[in-house]
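Please keep the sequence and the model in view while reading.

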2 protein chains.
Amino acid sequence: MQKTDGMFYAPKGLKRAVVNRGEFAIAAVALDHGHIYGMCNGLLEAGATLKWVYDPDPHKVAAFLQRFPEAKPAENEQIILQDDEVQLVAGAAIPSERCALGLRAIAHGKDYFTDKAPVTTLEQLELARRATANTGRKYMVYYSERLHVESAIYAEQLIRDDAIGRVIQVIGLGPHRLNAASRPEWFYSRQHTGGILCDLGSHQIEQFLTYAGCQDAQVLHSKVANYHHKEHPGLEDFGDATLLGDNGANHYFRVDWFTPDGLSTWGDGRTVILGTKGYIELRKYTDIARAQEGDHLYLVDHSGEHLLKLSGQVGYPFFGQLILDCLNRTENAMTQAHAFKAAELSLLAQQHAIRIE
Amino acid sequence: MQKTDGMFYAPKGLKRAVVNRGEFAIAAVALDHGHIYGMCNGLLEAGATLKWVYDPDPHKVAAFLQRFPEAKPAENEQIILQDDEVQLVAGAAIPSERCALGLRAIAHGKDYFTDKAPVTTLEQLELARRATANTGRKYMVYYSERLHVESAIYAEQLIRDDAIGRVIQVIGLGPHRLNAASRPEWFYSRQHTGGILCDLGSHQIEQFLTYAGCQDAQVLHSKVANYHHKEHPGLEDFGDATLLGDNGANHYFRVDWFTPDGLSTWGDGRTVILGTKGYIELRKYTDIARAQEGDHLYLVDHSGEHLLKLSGQVGYPFFGQLILDCLNRTENAMTQAHAFKAAELSLLAQQHAIRIE
């Protein structure tokens, strides 16, 4: 894995197309976050056809076309929204703009697939919920730290197969490399990002809801801080929270911008899932000082300690499921309620956070 | 490392005697918890002379004498308390009785060294604080998960040497094997143990105060549960807490009784110390699916990812320092204020804990 900052993390999976060429057309609109590459990659590997790309910044479009030459640059967003062939709009706008883009896409009869966090305020969330309820269109979210991580996908299967019994706690650590100089201005604006718990925290809460099998949860405590980057007063470089799920399972996560320069990748992401009969530890992107490749899953159960090296072994079923969900109006990839619940809880964690000075 | 339940965890360190034979006499009183073996081991390796042992249960005394034949069994506690040669009483009583024993020892002019948790109520803590303040005697605590773990000792040195910059967070995971059948009755009584945050949590908070360099802290949130052992209503099998130190550093820890049967040792204890320039992860007792030996220290800093295998490399300086502190009336091993502060905060975490049903 390359030593990047995670912005352009776009893992290549097993290509398992669920549709034929031309059967599912998508467009990429708003290229503010590099996650758009991972989002398009995943959909293309599952058989989608990338018809259009649009961003007001021609440099971003040019870079995108280098990677996805099949896309046609659109002169404006309207061309895409008016194109009846386009079934889904994929976007990685500035977080505070993601909802507005989604509402436009949905108003034009498209499904929407946005980078996380999908919204930055509870008001936006209410609008998004209403739009999907009224139209039946989808407002899906690229929670990449589960959906685009093979060990994270496999963990779900292990839990389903009762490998660790009842899940009683999920701990998530989500450190990220700051790469301060490479960040756009909006990155340092709390209003544009929604804050660290809204942004990075949404990944974590989504994983908790998934692994613990919760429909809902309560934020018990959360905090944020700017410990070491006073030159960027709008940045929160640390955040954490603990939640209680509706089935009694609990959650702790920490997110931060403190990945040291010497780490071989952008972040030492970990997930520890504690069950009544065993536990799972995911070392998602690296196994420090042991292996630079990602997707090491450690399982300790009644029979022993097991290391499963899952890189290239599992694939990313989300993308094909999402395409089929759009075509068949099903919810196998992810329910709308789940996508929004993770966002809601991360907004509440952010809103109620104690700020450490 | 043997697959034990941790009760009899008594690591052997480098023998570095700080006194000659006979210069520092100790007695072991109250053998309810197997930690007394580790406590005596550590002191003997540092040069102490084990003069007496006393427990009302002759089976416990007989087992102790097997391991420490040099000790003389006393017929009652008074013989020990009246012996002017005895400078320190080491005890691992039932937690709720530890304070009373300490007060008796101190009243007879002895220093006291108890297994953690040192007290189970704030009232006991107040009595212990008053007794030490009035007499100048010591009420020291065997916080074994730092003091008797070589990687944990070495982490302090790395922090002191500025290897990771300013410490902003400490995360501790303290899972333990239940071994339900082997436990005495008091183990299942909340009143006798003080609860999981008081008991196992005190180790964790003591590490936080040490690594983050805090004199004091505030408990922000804590919770306890009995998730899976309803047959023992007095047991808390899960607890966690988050604290804010007086210097702004924060702490999260989880303790539990869910070590799976297949783990090679009694618990996969971890400590993650996040600094502004790097982080340290301690895999204290095993490195799951990689190595059964303990004391693996992982350090990620600006220069790279480093694995330090520290078993047998560091020793346990606490015990020699404690002996010298008793002889010289210094506080190099641990200050009295620190020993009590860790206990106080774990009692407060316990007292304010949300109970998950």
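## Basis of the values

This is a predicted model, in which local features need pLDDT of at least 70 and side-chain atom pairs count only at pLDDT 80 or more, whereas totals for chains, interfaces and linings use all residues. Residues are numbered from 1 along each chain as its sequence is written, chains are lettered from A and ligands numbered from 1 in the order in which they are written, and side-chain values use heavy atoms, with hydrogens and water left out.

## Interface of chain A and chain B

Chain A brings 54 residues to the contact and chain B brings 54 residues, contact meaning heavy atoms within 4.5 Å. The area buried between the two chains is about 4,400 Å², and carbon and sulfur atoms give 60% of it; buried area is the accessible area (1.4 Å probe) lost when two parts are put together, summed over both. On the side of chain A, Tyr227(A), Arg290(A) and Glu305(A) lose the most area to chain B, together 16% of what that side buries.

Four salt bridges are counted between chain A and chain B, each a side-chain nitrogen of Lys or Arg within 4 Å of a carboxyl oxygen of Asp or Glu. Asp287(A) and Arg290(B) form a salt bridge through their side chains (3.0 Å, N to O). By class, the side of chain A that touches chain B has 22 nonpolar, 17 polar and 15 charged residues; Ala, Val, Leu, Ile, Met, Phe, Trp, Tyr, Cys and Pro count as nonpolar, Asp, Glu, Lys and Arg as charged, and the others, Gly among them, as polar.

## Largest pocket

Volume is the space filled by probe spheres set on the points, which are joined across faces, edges and corners.

The largest pocket has a volume of about 540 Å³. Its lining comprises 24 residues, and Arg146(B), Glu156(B), Arg160(B), Thr210(B) and Ala333(B) are the closest to its centre. H7(B) gives the most to this lining, with five residues; helices are DSSP runs (H or I, at least four residues) and strands likewise (E, at least two), numbered from the N terminus.

## Cavities

The whole structure holds six cavities of 30 Å³ or more, and the largest cavity has a volume of about 310 Å³. Of its 20 lining residues, Arg270(A), Val272(A), Glu281(A), Leu173(B) and Arg270(B) lie nearest the centre. The lining of the largest cavity has twelve nonpolar, no polar and eight charged residues.

Key
1 Å grid on protein atoms, 1.4 Å probe; cavity = no way out; pocket = protein on both sides within 12 Å on 5 of 7 lines; lining within 4 Å.
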